[in-house]
Amino acid sequence: MIEFVDDVRHHPAGYAVTWAVCVRRRHRDDDIPLVWFNRHVLSIERSSIGWSCDDGATVGVLVVATVRLCHNNRSPYELQPDDDLRFSVTHCENQQLPVVFVLEPTITSLVGHSSVQVSFTPRVAGTYAVGVVVGGAQEGILGSRRTFVAGPLDASQTTFVDPRKVVIVTEGVYHRMVMLPKDAFGNFARIAADKVIVEVRKGSASSSLENVESLIEPLPSAEYEILWKIETGGHYLGTVLYEGQAIGVPNFEVICLNEKETCQLERNIASRVTCYKATLLDGKQKEMFMYISPRKIQLCQKFLNIPVQRWACRVCPLTKVVFHAEPGVFSLDDGYQPRIALTSSCRELIGATFVRFVLNNSGGSESFVKKRDFFYNNLQQHHSGRGSAAVTIVVSRERLIPSAMAATKILLDSDWSRPFAIHFAGEEGMDAGGVSREFFDLLTGECFDPMHGLFRKFDDSPQGLVHPSSRRYRPPNLDLAHYRFAGRIVGKCIVESAFGKPLVAKARFTRSFLVQLMGLKATTQLLETDDPALYDSITTHDITGLDLVFADEERDKTTGKVTVVPLKKGGEGLAVTEGSKSEYLTLLAEYRLVTSVKKEVKAFLEGLHKLVPSQLLAIFDEKELELLMCGVETVTYEELRRHASVDNGDSKWQEVVAWLWAALQGFSAEEMARFLQFVTGCSRLPPGGFQDLSQPVRIVPQYSGSHGRLPTAATCFNRLYLSTYDSYQHFHGALVTAITEGSQGFGLA
């Protein structure tokens, strides 16, 4: 027999049951209920999810999952005030991946609702699950999963394996490139091979297209192989396009050699020195002999059959071999000496030999990360005999620099290679790595703090960069030995980083100091970054009536005595006019940035090169050198956006600003550091972060008619100038080019 019983109970999961009907069997001792017909008991098993998209939809679109809550009899269940219910969205293949979602109604307004909308935008391809947490336990729900696939190829995210700015090919022979097709969110994307086009133009971007044969094939690892060939030797510009959008490096340079030249190139690399005839285009058409080795380019003239050197430069990324549009004509520019122009029938072979030597010197890659790894490996080999026994260094916190100099004065060069075990006098801490990190952090902070006088700021604002102090600007107790010590400390930080114990110099160096460390010439333009107030006062104002003369004044920090230093012969009596202020600015920059601190820079380099050979450092440019010495500071997109100001502009320009935020959100730490370097002049923020900048980062429209131009910056005002673009891909490519330009060692005039 069956009887019906009214009862009031509580569900085991914690949900109140206001009334229930229980169907029982009579005449049974266990009296077990057959079925509960619950009015206010949530059944997750009977609930379901409806999706706004089908399985296999692409990432990047807003997805709405509607959770329909039900009783056991599948009737709608209205949430009660005491229901302990939570929702989650997880990526099934990577459950650590955070997924942001929105609930409608909100979590505080769920009472009385029987359905909840969970909205989110999947960005990583894979399977996502909407979960319901009941009483702290995850419950399965019908139809809770959806799989999303990668979106269409995004040219700004797509790259090549080991991309090159200069490609060396042989005529009639296929050149292989491996493409990593990505969508807008970095997922591997499937592509239509027939939409990949390789465009090649001879000599310049305005030349007509060459006939290029190309093949595109998918590889098992989601990559695509692109094979293409040129039939005629010479100098070209190449671009890989997908549906009209440039992929990777736009207008990369192509040096196409014939078969005989390719064989000669390999002999050049194997022999490690080669010589070619070239004519110097200086009006006198002098015949020169160009010697190229892995370390140096030398231009010589022969007298009595004996070569006499007339010009030389290093073979490194900072040196540029620039091809001109005219056949055979090229220039050499090492960033320090005046650029020279030459012509040679072997121009392509000369350029190819130079490029190969530079790549070999840099580990075979142009990326900073790979160059840094190559540099670290070579530095480890250089210090391979350093041993594991630590050198104990006892220092005083109160007299950090003097005590550290005294403690290391007796050390041999080999001792500097060994690990340091730091002990602070009067303290009981044992150095297991943390004490050393604190020591180098405090020591570099003090060495490069303008308050101590070894380095100084041209600008008193927190954003001011530090530059070596000349003799008159520092206390008399700070001599050149302190600069050698500072250089050694920076070198020690680099060596320890190479051996897996990252240490960085706590400093924000001037661009002109970094340029000089690389052996380059500091130009007038660097004064804009290093001393923006002075640069602005001269370049943007009429100086008539300011009584300026071709001389600089220096006030001795100890005695207060003012010394007048002529910038040219008789300069102290020669007035500066509007017509001559450009010359004045050049001479002033040369004196303040270079001449007045030549001994200090030399001493710093002596200390640095004791631990880090100059030929190893030569593989970097000055921006990469700062990243190597000072590290990559964590600059978050959120913090930048919170402190930046944006000028008004039309709707088209405002769209570009939105693209900027989208691009920055996907930047790596290194890319953010380069962006900060591009806008403010330094890859590191002042101690107080963005709020310590002399002026907030300001995003400004470029002048009318600048559509499609590269972004520019005024570092003295922390301004970023953006023009308008046809698409996000065009903008992203222009932004990346702008923040990384100047690092290539081979260019086109």
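Start with the whole chain. Among contacts (heavy atoms within 4.5 Å) between residues at least 6 apart in sequence, 63% join residues at least 24 apart.

This is a predicted model: local features need pLDDT of at least 70, side-chain atom pairs count only at pLDDT 80 or more, and totals for chains, interfaces and linings use all residues. Residues are numbered from 1 along each chain as its sequence is written, and side-chain values use heavy atoms, with hydrogens and water left out.

**The overall view**

Show the C-alpha trace. Along its principal axes it spans about 125 × 75 × 60 Å. Switch to cartoon view. The chain has 18 helices and 38 strands. Helices (H or I, at least four residues) and strands (E, at least two) are DSSP runs, numbered from the N terminus. Of the 749 residues, 48% are buried. Buried means under 20% relative accessible area, exposed means over 50%, and partly exposed lies in between (1.4 Å probe, protein chains only).

**Stop 1**

Select Glu104 and Pro105. The peptide bond between them is cis, with omega near 0 degrees. Pro105 sits in the loop between β8 (101-104) and β9 (115-120).

Go on to Asn251, in strand β20 (residues 245-257). Its phi is near 55 degrees, a positive value in a residue other than glycine. Asn251 is partly exposed, at 40% relative accessibility.

Now pick Arg272. Look in the loop between α1 (259-271) and β21 (274-280). Arg272 also has a positive phi, near 70 degrees, and is not a glycine. With a relative accessible area of 51%, Arg272 is exposed.

**Stop 1: aromatic pairs**

A pair of aromatic rings is described by the distance of the centres and the angle of the planes. Here, rings of Phe, Tyr and Trp (its six-membered ring) pair if their centres lie within 6.5 Å; planes under 30 degrees apart count as stacked, over 60 as edge-to-face and the rest as tilted. This rule gives 21 aromatic pairs.

Select Phe420 and Phe440. They form a stacked pair, 6.5 Å centre to centre with 15 degrees between the planes. The pair links distant parts of the chain: Phe420 is in strand β29 (residues 420-424) and Phe440 is in helix α6 (residues 434-447), 20 residues apart.

Next, select Trp659 and Phe731. Their ring centres are 6.5 Å apart and their planes stand at 40 degrees, so the pair is tilted. This pair also links distant parts of the chain, with Trp659 in helix α16 (residues 651-665) and Phe731 in helix α18 (residues 728-740), 72 residues apart. Trp659 counts as buried at 14% relative accessibility. Phe731 is buried at 0%.

For a cluster, select Phe448, Phe455, Tyr483, Phe509, Phe513 and Phe604. Ring pairs link these residues together.

**Stop 2: Leu443**

Return to helix α6, where Leu443 is found. Leu443 is buried, at 0% relative accessibility. Which residues touch Leu443, leaving aside its neighbours within four places in sequence? Show Leu400, Ile401, Ala404, Phe485 and Ile489: Leu443 is in contact with them. Draw a distance from Leu443 to Ile401. Their C-alpha atoms are separated by 6.7 Å, though the two lie 42 residues apart along the chain.

**Stop 3: one face of α10**

Select helix α10 (residues 532-539). Its buried residues are Pro532, Leu534, Tyr535 and Ile538. What covers the buried residues includes α9 (525-530) and α11.

**Stop 4: a cavity**

Rolling a probe the size of a water molecule over the atoms shows where empty space is left. On a 1 Å grid over the protein atoms alone, a cavity is a set of points where a 1.4 Å probe fits but cannot get out; lining residues have an atom within 4 Å of a point. Grid points are joined across faces, edges and corners, and a volume is the space filled by probe spheres set on the points.

The whole structure has 2 cavities of 30 Å³ or more. Select its lining: Arg456, Tyr473, Asp552, Glu553, Glu554, Tyr591, Arg592 and Ser596. β32 (551-555) and α11 (581-593) each supply at least two lining residues. β32 gives the most, with 3 residues.

Conventions: On a 1 Å grid over the protein atoms alone, a cavity is a set of points where a 1.4 Å probe fits but cannot get out, and a pocket is an open set with protein on both sides within 12 Å along at least five of seven lines; lining residues have an atom within 4 Å of a point.
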